[in-house]
Amino acid sequence: MAKQSAIQKNKRRQKLVLQFAEKRAALKAIAKDSSRQPEERFAARMKLAKLPRNSSKTRIRNRCEVTGRPRGYYRKFRMSRLALRELGSNGLIPGLLKSSW
């Protein structure tokens with residue numbers, strides 16, 4: 001099991017991303033628009049830099065829903081490889097079969 005503080009920190013980041021998503025998208029659109037004045041684009045970049053760092057989507061870490069483990073993460077199942085293997089072996093994941101030969 002992962003540290004609870006790391007899991008909670010990641011959850012706070014997810015909330016911040018949702019909170020600032022529209023504002024970030026608007027400022028990024030202005031900053032990338034080549035038809036605008038350079039001063040206006042620079043001002044948008046400066047406003048973007050003043051937003052909280054943790055409101056950036058790239059700061060979110062994919063973590064296992066079961067254990068909170070950050071490594072060996074399968075996006076399709078939203079689980080780590082260890083939790084996936086354990087639940088798959090017990091037959092708790094529909095459509096997943098443990099191969100044997």
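**Exposure, cores and overall form of a predicted chain**

Arg85 is exposed, with a relative accessible area of 58% (exposed means over 50%, buried under 20% and partly exposed in between, with a 1.4 Å probe and protein chains only). The model is predicted, so local features need pLDDT of at least 70 and side-chain atom pairs count only at pLDDT 80 or more, whereas totals for chains, interfaces and linings use all residues. Residues are numbered from 1 along each chain as its sequence is written, and side-chain values use heavy atoms, with hydrogens and water left out.

Arg85 belongs to helix H3, residues 81–89 (helices are DSSP runs of H or I with at least four residues, strands are runs of E with at least two, and both are numbered from the N terminus). Between the C-alpha atoms of Arg85 and Leu96 the separation is 9.6 Å, with the two residues 11 apart along the chain.

In total, the protein chain has 3 helices and 2 strands, which follow one another in the pattern α-α-β-β-α along the sequence. Its radius of gyration is 20 Å, well over the 13 Å that the globule rule gives for 101 residues, so the chain is more spread out than a compact globule. This radius is taken over C-alpha atoms, and the rule is 2.2 Å times the number of residues to the power 0.38. Along the principal axes, the C-alpha atoms fill a box of roughly 65 × 30 × 15 Å.

Of the 101 residues, 23% count as buried. The largest nonpolar core has 6 residues: Phe20, Leu27, Ala31, Ala44, Leu48 and Leu51. Helix H1 (4–32) and helix H2 (38–50) are the elements that give two or more residues to this core, and H1 gives the most, with 3 residues. A nonpolar core is a set of buried Ala, Val, Leu, Ile, Met, Phe, Trp, Tyr and Cys residues joined through side-chain atoms within 4.5 Å. Beyond its neighbours within four places in sequence, Leu51 is in contact (heavy atoms within 4.5 Å) with Phe20, Lys23, Arg24 and Leu27. Another core, of 5 residues, lies apart from the largest one and includes Cys64, Met79, Ala83 and Leu84.

Among contacts in the chain with a separation of 6 or more, 38% are between residues 24 or more positions apart. The chain exposes about 8,300 Å², of which carbon and sulfur atoms supply 52% (Shrake-Rupley method, 1.4 Å probe). There are 28 positive and 6 negative side chains, and the centres of the two sets lie 12 Å apart. Lys and Arg count as positive and Asp and Glu as negative, without His and the chain ends.

How values were computed:
Charge placed at Lys NZ, Arg CZ, Asp CG, Glu CD.
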